[in-house]
Amino acid sequence: MMTQNKRLAGIIFTAALLLLVPLVAMQFTAEVKWSFSDFLVAGFLLFGTGLLLELILRKVRATSHRLLLCVVLFIVVALVWAELAVGIFGTPLAGS
C-alpha cells in the first residue's frame with residue numbers, strides 16, 4: 001500500500017515538475033504563452049500518461065510486452081502533444 005502511494009506521489013510530482021518548465025519560461029520570455037487551459041490539458045496528458053505507464057508496469061509481466069506497450073504509449077503521447085501544439089495532422093484540436 002505504501003509503495004503504491006509513493007508511486008502515485010512520484011507521478012504527481014513529475015507531472016507538476018514538468019509543468020513548471022513552461023510556467024518559469026513564461027516569466028522570462030514572451031515566446032511562451034500558455035493559458036490556464038493549456039496547463040490543464042498538459043497536466044491531464046502528463047498525469048494520464050504516468051497512470052497508464054504505472055498500469056502497464058503493474059499488469060504486464062513479459063518484459064518485451066512491457067517495452068512495446070511503453071514505446072507505443074510514448075509515441076502516442078508525443079503525437080497528441082505535437083498535434084495540440086502545432087497541428088501536424090490538421091485536426092480541429094490543433095493549437096495553431
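A residue counts as buried under 20% relative accessible area, exposed over 50%, and partly exposed in between (1.4 Å probe, protein chains only). Keep that scale handy as we walk through this predicted model, where local features need pLDDT of at least 70, side-chain atom pairs count only at pLDDT 80 or more, and totals for chains, interfaces and linings use all residues. Residues are numbered from 1 along each chain as its sequence is written, and side-chain values use heavy atoms, with hydrogens and water left out.

Let's start with charges. Side chains of opposite charge can pair when their charged atoms come close. Such a salt bridge is a side-chain nitrogen of Lys or Arg within 4 Å of a carboxyl oxygen of Asp or Glu, and a search of the whole structure turns up two. In one of them, Arg7 meets Glu54, with the closest N and O atoms 2.9 Å apart. That pair links distant parts of the chain, since Arg7 sits in helix α1 and Glu54 in helix α2, 47 residues apart. (Helices here are DSSP runs of H or I, at least four residues, numbered from the N terminus.) Arg7 is partly exposed because its relative accessible area is 41%, while Glu54, at 14%, counts as buried.

Glu54 also forms a salt bridge with Arg58, where the closest N and O atoms are 2.7 Å apart. Both Glu54 and Arg58 lie in helix α2, four residues apart, or about one turn of the helix. Shared partners join Arg7, Glu54 and Arg58 into one network.

Now for the rings. A pair of aromatic rings is described by the distance of the centres and the angle of the planes. Rings of Phe, Tyr and Trp (its six-membered ring) pair if their centres lie within 6.5 Å; planes under 30 degrees apart are stacked, over 60 edge-to-face, and the rest tilted. The whole structure has two aromatic pairs. Trp34 and Trp81 make a tilted one, 6.4 Å centre to centre with 50° between the planes. Trp34 is in the loop between α1 (2-28) and α2 (36-59), whereas Trp81 is in helix α3 (residues 63-86). Trp34 is partly exposed at 26%, and so is Trp81 at 32%. Together with Phe39, these two Trp residues form one aromatic cluster.

Note on methods:
Helix = DSSP H or I, 4+ residues; strand = E, 2+ residues; numbered from the N terminus.
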